[in-house]
Amino acid sequence: MEVLQRFFDSILNIIKVSGFASLGWQNYVMIAISIFLIYLAIKKEYEPLVLLPIAFGMLLVNLYPSLMAAPSYELQTVTDYIAQHGAASSAYPIIEQAGVQYYQIPSYGGLLYYLYQGVKLGIYPPLIFLGIGAMTDFGPLIANPKSFLLGAAAQLGIFITFIGAILIGFTTKEAGAIGIIGGADGPTAIFVTSKLAPHLLGPIAVAAYSYMALVPIIQPPIMKALTTKKEREIVMEQLRPVSKLEKIMFPVVVIILVALFVPDATPLVGMLMLGNIFKESGVVDRISKTAQNELMNIVTIFLGTTVGATATGAVFLTPKTLGIIALGLFAFACGTAGGILFGKLMCKFTKGKVNPLIGSAGVSAVPMAARVAQKVGQEANPTNFLLMHAMGPNVAGVIGSAVAAGVLLSILQ
Amino acid sequence: MDKFQLSVTVLLTGLVVVFVLLLVLIIAIKIYSTIVSKAQSKRENKKKAAIDALNKSKEPDLTVIENTSDAEADEGGISDEIIAVIAAAVSSMYPQSSYTVKTVKRAKNTRSAWSTAGLLESTRPF
């Protein structure tokens with residue numbers, strides 16, 4: 001009989017601690033959302049490298065919230081401890097409160113809590129930038145430095161959205177984090193959000209990466225609405241070849257100037273340029289390959305999974321998330337429009353030598369935004385090849401959004 | 001500072017700083033690109049001038065002696081194609097030096113062509 005009783009007690013205990021008893025309705029909704037995101041990542045291939053870990057992290061944390069639990073301490077009086085265990089312990093520190101001695105017994109945090117420290121402390125996004133730098137050819141930008149202006153103009157979305165978010169009722173720090181979605185740069189968005197509004201990390205990361213995947217759908221209507229067919233047909237002159245020395249000097253010059261002007265942008269731009277000098281120097285091929293492959297992949301797994309794991313039901317299922325998703329789209333649209341309008345201006349000043357479509361690539365989202373510029377340009381003029389011209393503003397956009405992030409951090413932090 | 005003021009401040013500061021910094025970068029890149037391309041074109045011109053001067057001065061600069069028979073054979077016995085191949089082989093062995101092929105002679109066969117190639121391959125790094 002005693003065995004049976006123990007058996008029932010054990011079963012009851014397992015049921016009590018199981019997810020069926022501990023999860024709320026919000027967790028189940030989030031599980032459904034995460035499965036939908038997994039579907040989008042696999043079937044529709046929406047930024048699968050990032051969206052899949054995010055979605056799965058979201059699934060894990062809503063099934064077992066303790067995965068993200070922070071470490072804590074439990075206090076037990078020394079006398080109680082000795083009564084229970086029959087002897088004193090030297091493993092735990094003793095603290096005294098109101099004349100009573102307590103053991104400080106630690107309980108460790110969940111697995112994802114520890115991995116999440118890389119996001120919280122701003123470590124992963126710069127490491128991702130290291131890999132991006134090692135993969136990026138800044139040649140088109142060096143050949144045509146005016147592209148930098150388009151990369152700057154496309155940051156308009158960040159600042160306009162910041163105002164929009166404040167008007168809707170977000171706090172200034174939250175508005176800064178939401179605005180950076182307009183930079184169309186995932187690591188930058190995560191970096192800024194982890195510093196300004198860590199509680200919004202889940203919704204902002206999902207919005208940023210989803211919209212980056214939707215660039216081919218979001219941008220073309222705006223590009224066509226703001227340009228005439230004649231402008232879209234403009235064929236640009238071939239870019240000049242860039243020497244190796246110029247490419248090697250680029251990261252050094254950029255980081256010196258950026259770090260001196262906007263020190264808060266140094267972690268992102270610094271690592272971007274470090275990765276780039278690895279690539280361009282040609283003497284550390286092994287390191288360059290590691291930065292763009294193994295390291296980047298490992299960090300992407302940690303970053304995606306733990307960012308997804310911040311999206312618990314209680315945080316994600318709020319009206320704020322809807323606001324973030326709407327504002328994110330607005331930010332993308334404004335950034336694209338800013339780039340195109342400035343492209344038109346440059347077209348006027350250069351007497352028709354610049355195709356305004358390349359301005360849309362200034363929103364970062366490398367290389368998707370440049371591909372979209374190429375595609376829309378080719379629709380208007382099948383013999384036109386804008387890809388390399390659009391890569392200039394595209395990589396300038398990465399530097400531009402990192403600088404904009406530095407500005408936001410220096411004002412709002 | 002109220003929210004409206006802060007919004008305008010962020011908008012203005014953000015855009016101005018981003019534009020100014022990127023403008024500074026444009027200027028910096030233009031300056032160093034000009035310096036680099038000028039320096040490189042100067043170096044190339046110097047090289048060209050040196051090669052021209054060398055070619056003009058004395059015709060036979062570097063006498064190339066290649067493997068051929070013990071008896072001195074003039075180029076008349078060898079086709080132009082073979083001479084071109086020998087010149088190309090010499091050029092690939094001594095890429096830095098400028099030379100003119102003056103005579104082609106067969107050297108004494110002390111080592112087979114394969115062992116010479118192997119020797120060159122293993123000593124190239126030094």
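In what order do the elements of chain B run from the N terminus on? They run α-α-α, and chain B holds three helices and zero strands. Here helices are DSSP runs of H or I with at least four residues and strands are DSSP runs of E with at least two, both numbered from the N terminus. The model is a predicted one, in which local features need pLDDT of at least 70 and side-chain atom pairs count only at pLDDT 80 or more, while totals for chains, interfaces and linings use all residues. Residues are numbered from 1 along each chain as its sequence is written, and chains are lettered from A and ligands numbered from 1 in the order in which they are written.

Of the 126 residues of chain B, 10% count as buried; a residue is buried if 20 or more other C-beta atoms, placed from the backbone, lie within 10 Å of its own. In chain A, which has 413 residues, the buried share is 52%. Chain A contains 22 helices and three strands, and its C-alpha atoms fill a box of roughly 90 × 45 × 40 Å along the principal axes. The domain assignment, which is automatic or taken from a database, divides chain A into domain 1 (2-69), domain 2 (72-107) and domain 3 (114-412). The centres of domain 1 and domain 2 of chain A, taken over C-alpha atoms, are separated by 34 Å.

The two chains meet in a contact that takes 32 residues from chain A and 23 residues from chain B, where contact requires C-beta atoms, placed from the backbone, to lie within 7 Å. On the side of chain A that touches chain B, α9 (147-153), α10 (156-168), α16 (244-261) and α22 (387-412) each supply at least two residues. The largest share, eight residues, belongs to α16(A). By class, this side of chain A has 25 nonpolar, five polar and two charged residues; Ala, Val, Leu, Ile, Met, Phe, Trp, Tyr, Cys and Pro count as nonpolar, Asp, Glu, Lys and Arg as charged, and the others, Gly among them, as polar.

Within chain A, the axes of α17 (residues 266-281) and α18 (residues 285-308) come within 8 Å and cross at roughly 135°. These axes are lines fitted to C-alpha atoms over the stretch in contact, with angles running from 0 to 180 degrees between N-to-C directions. The helices α17(A) and α18(A) are therefore oblique to each other, since angles under 35 degrees count as roughly parallel, over 145 as roughly antiparallel, 65 to 115 as roughly perpendicular and the rest as oblique. Gly275(A), Phe278(A) and Lys279(A) of α17(A) make the contact with Ile287(A), Ser288(A) and Ala291(A) of α18(A). This set comprises three nonpolar, two polar and one charged residues.

Helix α12 (residues 186-196) of chain A is largely enclosed by the rest of the structure, because eleven of its eleven residues are buried. Among them are Phe191(A) and Lys195(A). In the loop between α11 (172-179) and α12 of chain A lies Ala184(A), which has a positive phi of about 50° although it is not a glycine. Ala184(A) is buried, with 36 other C-beta atoms within 10 Å.

A further loop, between α20 and α21 of chain A, holds Ser364(A), whose phi is also positive, near 70°. Ser364(A) counts as buried, with 32 C-beta neighbours inside 10 Å. Pro367(A) lies in the loop between α20 (319-349) and α21 (368-380) of chain A, and a cis peptide bond with omega of about -5° joins Val366(A) to Pro367(A).

Notes
Buried ≥ 20, exposed ≤ 12 C-beta atoms within 10 Å, placed from the backbone.
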